[in-house]
Amino acid sequence: MNSIIVAACTTLISVILAFSLAYMIDRSNIKGKEVWRALFILPMLVPSIAHGFGLINLFGDNGFVTQAVGVNINLYGIKGIVFGSVIYALPIAFLMFSDILKYMDTGVYDACRALGIPKAKVFFDITLGLIKKQLLIVASTVFTIVFTDYGVALAIGGKANTLPVLLYREVIGLLDFSKGGFIAILLLIPAIITFLLSRKINNVELDQVNSPVYTATRNKARDILYTAICAIAALIALMPVISYIGIGLVEQYPTNMTFSLKHLQAVVYGGAGNAIYNSLVISLSTALIGTAAAYLIAYVSIRLPNKFMARTIYSLAVFPLVIPGIVLGLGYIQFFSFTPIYGTAYIIILVNIMHFFSTPYLLAYNSQNKIPGELEQAANTMGIKQLKYIKDILAPSTSATIMNMFSFFFINSMVTISAVAFLSNTRNMTIALMINQYEAQLLFEEASVVVLLILCVNLVFKWIASLFRKYLF
């Protein structure tokens, strides 16, 4: 019941907030739209557990806000899990709604303006009417993500257990794999429902049209209001991440707030360098292998003459999207426990590829579908082999998508905890897992430093990726 309540409340809040923010940015003339988009996506660059501990830094018994205001909101429990889960789920829902709004036919709105249809009627009958089925997909996706996440609940849940936390404690704490397996089956139920729902709605999705960019009417008051709302939402979403600066870079919170690097030194001497090296190797390997595999499988599934086989490959490639990471990790323990790759970095690379495979596959599938089929026919007529066609024609034409696929694999591999928590050991531990270790020892300052290190690595990667995209693509 705790899991259902948390997931339902989070879904309602996240979907409404994410759609509102995406709509405000897309349907207005506010300045710095790309900056706002980047700010709303920034929480994705740290693990979900970091949002829970970040809220403790702010609203816990000794939190910044609690100390400043003198009011304790009793954060721990269902209330805190919902708060942290909204911050965790918001970027995902925001990205989905931004993509949906981007591909809507803007000609409909031009016609509505010409006919003098009231804006309220246009919003409810046209905008919401066109995306109601996509709205259902976003809601079911957010529900599944929150229902199966244990990071926020583990950090801030207190006595309010959720199914993922129970699974984590049964397997990690008590080594009860039988009970863990049964809980994993329960966690798969909403995931399978989401998958079937997406498959049913897939045939009636919005047609993705290359329509002109939506041109908003001039309205200064509206733009000022939207800017203020975006600023408040960005501040709330980024507060947990910002709090880590105040915790990790001081002598001793809250008694001595002078600037200090001693916690950074403690983390470095505690093995952070080796953990970052492991994370970089695993994330880069996952990104390289995963991108190549997803791209080639998308190519095969588009061009297979046997439609049944093509549809089967598509379904299998999309299904990992709804498998909870914690369930996937438990399954890999059972299946690979007696194989040579068990206990090595190879099994972590493999589980990361499978965990994050679906979204890059869909990116490749959609981008390759937009390339005219006549281009490949002409290449075949000229005697150009398929691999050369992919290397010299198809890949350069979809280079931006390939970069997005690579970035998705890399960043998610850097921040994931759920899928790798059961599979790591002292030799292949990733940097994200050090958060759990320090928090278990009540070393909150060191845990804050680890979060900042992960954020810095991902920001540097995003910067390098943007330069790479700018100068080569």
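Select arginine 222 first: at 14% relative accessibility it counts as buried, where buried means under 20% relative accessible area, exposed over 50% and partly exposed in between, taken with a 1.4 Å probe and the protein chains only. The model is predicted, so local features need pLDDT of at least 70 and side-chain atom pairs count only at pLDDT 80 or more, while totals for chains, interfaces and linings use all residues. Residues are numbered from 1 along each chain as its sequence is written, and side-chain values use heavy atoms, with hydrogens and water left out.

A salt bridge here is a side-chain nitrogen of Lys or Arg within 4 Å of a carboxyl oxygen of Asp or Glu. The structure holds four of these.

Next, select aspartate 26 and arginine 27. Their salt bridge has its closest N and O atoms 2.0 Å apart, and both residues are buried.

Move on to helix α2 (residues 33-41), where arginine 37 and glutamate 34 lie three residues apart, about one turn of the helix. Helices are DSSP runs (H or I, at least four residues), numbered from the N terminus. The two side chains meet in a salt bridge of 2.8 Å, N to O. Arginine 37 is partly exposed, at 22% relative accessible area, whereas glutamate 34 is exposed, at 59%.

Now select glutamate 445, in helix α21 (residues 444-472). Leaving aside residues up to four places away in sequence, glutamate 445 touches Ile247, Gly248, Gln252, Tyr253 and His263; contact means heavy atoms within 4.5 Å.

Finally, select the lining of the largest cavity, which includes Ser3, Ile81, Phe147, Asp149 and Pro164. A cavity is a set of points, on a 1 Å grid over the protein atoms alone, where a 1.4 Å probe fits but cannot get out; lining residues have an atom within 4 Å of a point. Helices α1 (2-26), α5 (78-102), α7 (119-147) and α8 (151-156) each supply at least two lining residues.

Note on methods. 1 Å grid on protein atoms, 1.4 Å probe; cavity = no way out; pocket = protein on both sides within 12 Å on 5 of 7 lines; lining within 4 Å.
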